[in-house]
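I opened this model to look up its charged pairs, its cores and one hairpin. The entries below are in the order in which I made them.

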Amino acid sequence: MAAQLRVPRLVPIFNPIAHRLLRLGPLMGPNALLGVRGRKSGHLRTTPVALVEVGRRRWTVGTFGNVNWVRNLRAAGEATLTVGRRTERVRAVELNRAEAVSFFVDVLAPYAGRTRLARWLLGSVLHSGDILDDPRGAATRRPVFELFREVD
């Protein structure tokens with residue numbers, strides 16, 4: 001199970017802004033609002049998350065480790081993704097450690113490593129540079145979920 005990492009001070013300040021922007025539409029690149037039922041309360045909780053989309057596959061990473069949305073998603077196994085007026089139901093499957101290492105090496109490093117901005121955000125802003133520099137370590141600290149579209 002992934003540890004809980006230190007959440008940068010900027011994140012709680014930025015999350016309400018991200019919430020509002022994502023409700024307006026796709027103004028924030030590969031991000032969405034993840035809605036998942038609380039594992040204890042049953043209330044719907046939403047949080048902004050980054051989506052990694054390559055081909056027809058999608059993932060989200062618990063950048064700050066075993067935080068509440070990660071524990072809720074792990075328990076629920078399903079969620080909604082919302083950008084603007086578009087909402088879709090997804091099934092979430094947590095990758096095991098070997099799959100997570102492969103994800104960090106084969107998917108995320110080429111995806112995020114292609115721009116200087118993405119590398120800067122991961123390293124300086126989110127304090128998550130290990131995702132690119134130490135994929136094995138990242139896989140032990142940062143859970144990864146593959147998201148599958150639910151057909152209604």
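**Entry 1**

I began with Glu150, which is partly exposed at a relative accessible area of 23%. My cut-offs for relative accessible area are under 20% for buried and over 50% for exposed, with partly exposed in between (1.4 Å probe, protein chains only). I note that this is a predicted model, in which local features need pLDDT of at least 70 and side-chain atom pairs count only at pLDDT 80 or more, while totals for chains, interfaces and linings use all residues. Residues are numbered from 1 along each chain as its sequence is written, and side-chain values use heavy atoms, with hydrogens and water left out.

I count a salt bridge when a side-chain nitrogen of Lys or Arg lies within 4 Å of a carboxyl oxygen of Asp or Glu. Helices (H or I, at least four residues) and strands (E, at least two) are DSSP runs, numbered from the N terminus. Which residue forms a salt bridge with Glu150? I found Arg89, with the closest N and O atoms 3.7 Å apart. Since Arg89 is in strand β6 and Glu150 in the segment after β7, the pair ties together parts that are 61 residues apart in sequence. Arg89 is partly exposed, its relative accessible area being 41%.

**Entry 1: the other salt bridges**

I see seven salt bridges in the structure. One of them pairs Glu146 with Arg57, and their closest N and O atoms are 2.8 Å apart. This pair links distant parts of the chain, 89 residues apart: Glu146 belongs to strand β7 (residues 144–149) and Arg57 to strand β4 (residues 57–61). Glu146 counts as buried at 8% relative accessibility, whereas Arg57 counts as partly exposed at 45%.

Arg149 forms a salt bridge with Glu88, with 3.5 Å between the closest N and O atoms. Arg149 is in strand β7 and Glu88 in strand β6 (residues 86–94), so this pair also ties together parts 61 residues apart in sequence. Are Arg149 and Glu88 buried or exposed? Arg149 is exposed, with a relative accessible area of 58%, and Glu88 is buried, with 7%.

**Entry 2: Arg86**

I placed Arg86 in strand β6. Arg86 counts as exposed at 53% relative accessibility. For contacts I take heavy atoms within 4.5 Å. Neighbours within four places in sequence aside, Arg86 is in contact with Arg58 and Leu81.

A polar contact is a pair of N or O atoms within 3.5 Å; within protein, one must be able to donate a hydrogen and the other to accept it, and residues adjacent in sequence count only if both atoms are side-chain atoms. The side chain of Arg86 makes such a contact with the side chain of Glu88, at 2.8 Å.

**Entry 3: the cores**

A nonpolar core is a set of buried Ala, Val, Leu, Ile, Met, Phe, Trp, Tyr and Cys residues joined through side-chain atoms within 4.5 Å. Which residues touch the most other members of the largest nonpolar core? Among its 17 residues, they are Leu34, Trp69, Leu73, Leu81, Phe145 and Leu147. At least two residues of this core come from each of β1, α2 (68–76), β5 (78–83), β6 and β7. Another core, of 15 residues, lies apart from it and includes Val61, Leu95, Phe104 and Leu108.

I listed the contacts of Phe145, not counting residues up to four places away in sequence; among them are Trp59, Trp69, Val70, Leu73, Ala92 and Val93. Arg58, Arg74 and Glu94 are also touched by Phe145.

Phe104 sits in helix α3 (residues 97–112). Phe104 is buried, with a relative accessible area of 0%. From Phe104 to Ala139 I read 7.5 Å, C-alpha to C-alpha, although 35 residues separate them in sequence.

Two strands pair if DSSP finds at least two bridges between them. How many bridges join β1 to β2? Seven bridges join strand β1 (residues 31–37) to strand β2 (residues 44–50), and the two run antiparallel. Arg37 stands opposite Leu44 in β2. Six residues lie between the strands of this hairpin, where Gly42 takes a positive phi near 80 degrees.

**Entry 4: the whole chain**

I counted six helices and seven strands in the protein chain. Of its 152 residues, 43% count as buried. Among contacts between residues at least 6 apart in sequence, 64% join residues at least 24 apart.
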